[in-house]
Amino acid sequence: DADGKLIKRETFEAPYCSMIHDCIVTEHYIVIPVLPLSGSLARAMGGQSVFAWEPALGGHLAVIPRAEGVAGLRWIEVPACYVFHVMNAFERSEGGAVSIVADVMRYASAPLFPNADGTRGENAPAYLTRWTIDLAAGAVTETPLDDIAGEFPRVDERFAGLPYRHGWFVGHTSKPGDLRPNTLVHLDLATGTRKTWTVPPRDAIGEAVFTHAGPDAAEGEGWLTAVIYRGDEDVSEFVVFDAQRIDQGPVAGAKLPRRVPFGFHGQWVAG
């Protein structure tokens, strides 16, 4: 509940063991993606990777009404893919029919892991993709939202689970196969416009976290904070951007006493 007290705990059985990294939450639903980055005790006992890419298992979404719980669980198939992080999700009603709209960073195959047969996996990039889950038809439509490969999508958390306009992520726009994030991206989903800012060569940027300008601030009005690795100096710098003017570059920065590892990410909370 609002005070952090556990009200209900439920379990259900998935079609197979999957590495589930994130989930989708809207006002009335939770959606848990069971995607074919599979876990296998037999592989582990045989000296192979515990988790591996196994697309033949297919993709499955567990759609659960929050009020009803797992008693109302429905399985809806989605094309085999992998998702580490969700930008945001919300519900849409048209003519009485309800759909769940989820914007996710979609990989065509799971990166960083081998194939189930032990061969080297493809280090595929992720692209921001909209899943529209038609609850009446039990089907999912996939729509690309942007053509810059990236990760670590973020929103104004006051709009989590609700219709929203502004989103941010870090992309990699250098040579193919180089997955170091070097570009900060802001998308205005209402106007379909994009702003970007790219770090100097040899630098890399981590997840950018949004902080609103005040409780009454409009959506997306505030600041982005991120950590940039400065390659020439071998140090990390904490930087601040105007969230809707990222193309102007950082408005403030402070060198850190040590390098922050790539992939570090989290959330700011009120002090």
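The following legends describe close-up views of a predicted model.

Figure 1. A search of the whole structure returns 0 disulfides. Cys17 takes part in none, and the nearest cysteine sulfur, which belongs to Cys23, is 17 Å away. Cys81 is likewise in no disulfide; its nearest cysteine sulfur, again that of Cys23, is 16 Å away. Cys17 is partly exposed, with a relative accessible area of 43%. Cys81, at 0% relative accessibility, is buried.

Figure 2. Glu237 belongs to strand S18, which comprises residues 235–242. Its relative accessible area is 14%, and Glu237 is therefore classed as buried, the limit being under 20%. The side chain of Glu237 forms a polar contact of 2.9 Å with the side chain of Arg230. When residues up to four places away in sequence are left out, Arg230 is also among the residues that Glu237 touches. The others are Ala226, Val227 and Ile228, together with Gly253, Ala254, Lys255 and Leu256.

**Figure 3. The aromatic pair Phe84 and Tyr107.** The structure contains 8 aromatic pairs, one of which is formed by Phe84 and Tyr107. The arrangement of these two rings is edge-to-face, with 5.7 Å from centre to centre and 90° between the planes. Phe84 is located in strand S7 (residues 82–94) and Tyr107 in strand S8 (residues 97–107), so the pair links parts that lie 23 residues apart in sequence. Phe84 and Tyr107 are both buried. Together with Tyr82, Phe84 and Tyr107 make up one aromatic cluster.

**Figure 4. The aromatic pair Tyr229 and Phe262.** Tyr229 and Phe262 form an edge-to-face pair, in which the ring centres are 5.8 Å apart and the planes stand at 85° to each other. Tyr229 is part of strand S17 (residues 222–230), whereas Phe262 lies in the segment after strand S19 (252–255); the pair therefore ties together parts that are 33 residues apart in sequence. Tyr229 has a relative accessibility of 17% and counts as buried.

Technical notes
Residues numbered from 1 in each chain as written. Predicted model: local features only at pLDDT ≥ 70, side-chain atom pairs only at ≥ 80, totals over all residues. Heavy atoms only, no water. Disulfide = S-S within 2.5 Å. Buried < 20%, exposed > 50% of the residue type's maximum accessible area, 1.4 Å probe, protein only. Helix = DSSP H or I, 4+ residues; strand = E, 2+ residues; numbered from the N terminus. Polar contact = N/O pair within 3.5 Å; in protein donor to acceptor, adjacent residues only side chain to side chain. Contact = heavy atoms within 4.5 Å. Phe/Tyr/Trp six-rings, centres within 6.5 Å; stacked < 30°, edge-to-face > 60°.
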